[in-house]
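Have the sequence and the model open as you read.

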Amino acid sequence: MPKTILVTGASRGIGASVAKVFADNGYKVLINYNNSVREAEALAVHTGGEAFKADVSDSAAVESMVKSIIEKYGRIDVLVNNAGISVTGLFDMVPDEEVRRLFDINVFGAFNCTKFVLPHMLKRKYGKIINISSMWGETGASCEVHYSAAKAALIGFTKALAKEVGTSGINVNCVAPGFIMTDMNRCYTAEEIADITEEIPVGRCGSTLDVAESVLFLASERASFITGQVLGVNGGMVI
């Protein structure tokens, strides 16, 4: 039986690339989505997996999703907490409701998914949990204070949980992407992207595949002695 992977926020961007890469490597891919039903179902067909609708910020919805997956597939070997949104603006100008929604999805979404998946991993004494943070969670970004704080929370979550479950055969790691060409960065002009590229030592922006391949490595047995770590996939922009 192939190993299973649950990828949250997998209908597009980094999540979709992760789903495709794992499918290409023989995993049964379980795609979580909330709003993008067409994209999620198309991806499920492409990967030979299955799409599951759930708002990760809704604890009851996540519990129901995980229960359905376990009933059908029996296990979740890899959990990728990828679902996230971005909020930009001066710190004191961002509306409170946007900040709460940011943390509900980016932070509590990861908490919820891990909370309901972890018991099944503990029972089997095996599992890989990979959280998708950001280089801004490591260094902070002006006009992205709330986003930086949320992504930093995922790094702290990764390190602490890794210590807690390491003796149970579970690895917990974090990938911190740099400037990756996704829908989230479509707001930048070609000139702005050129300026950003000049700041990246390898001389190019990242792709979603760059991130997906890193997630695949951390989920593999080649990374069995790696836990509680933050893997920067940023082309050297943050060293």
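**Salt bridges and a buried threonine**

Q: Why is Lys3 called partly exposed?
A: Lys3 has a relative accessible area of 29%. Buried means under 20%, exposed over 50%, and partly exposed in between, with a 1.4 Å probe and protein chains only. The value of 29% falls in between, so Lys3 is partly exposed. A word on the background: this is a predicted model, where local features need pLDDT of at least 70 and side-chain atom pairs count only at pLDDT 80 or more, while totals for chains, interfaces and linings use all residues. Residues are numbered from 1 along each chain as its sequence is written, and side-chain values use heavy atoms, with hydrogens and water left out.

Q: What makes the pair Glu221 and Lys3 a salt bridge?
A: The term asks for a side-chain nitrogen of Lys or Arg within 4 Å of a carboxyl oxygen of Asp or Glu. For Glu221 and Lys3 the N to O distance is 3.6 Å, so the pair qualifies. Glu221 sits in the loop between α9 (208–219) and β7 (230–233), and Lys3 in the segment before β1 (4–7), 218 residues apart. Helices (H or I, at least four residues) and strands (E, at least two) are DSSP runs, numbered from the N terminus.

Q: What makes Lys72 and Glu50 a salt bridge?
A: Their side chains meet at 2.9 Å, N to O, so they too are within 4 Å. The whole structure has seven salt bridges.

Q: How do you know that Thr158 is buried?
A: Its relative accessible area is 0%, under 20%, so Thr158 is buried. Thr158 lies in helix α7 (residues 145–165). Leaving aside neighbours within four places in sequence, Thr158 is in contact (heavy atoms within 4.5 Å) with residues including Asn131, Val172 and Gly228.
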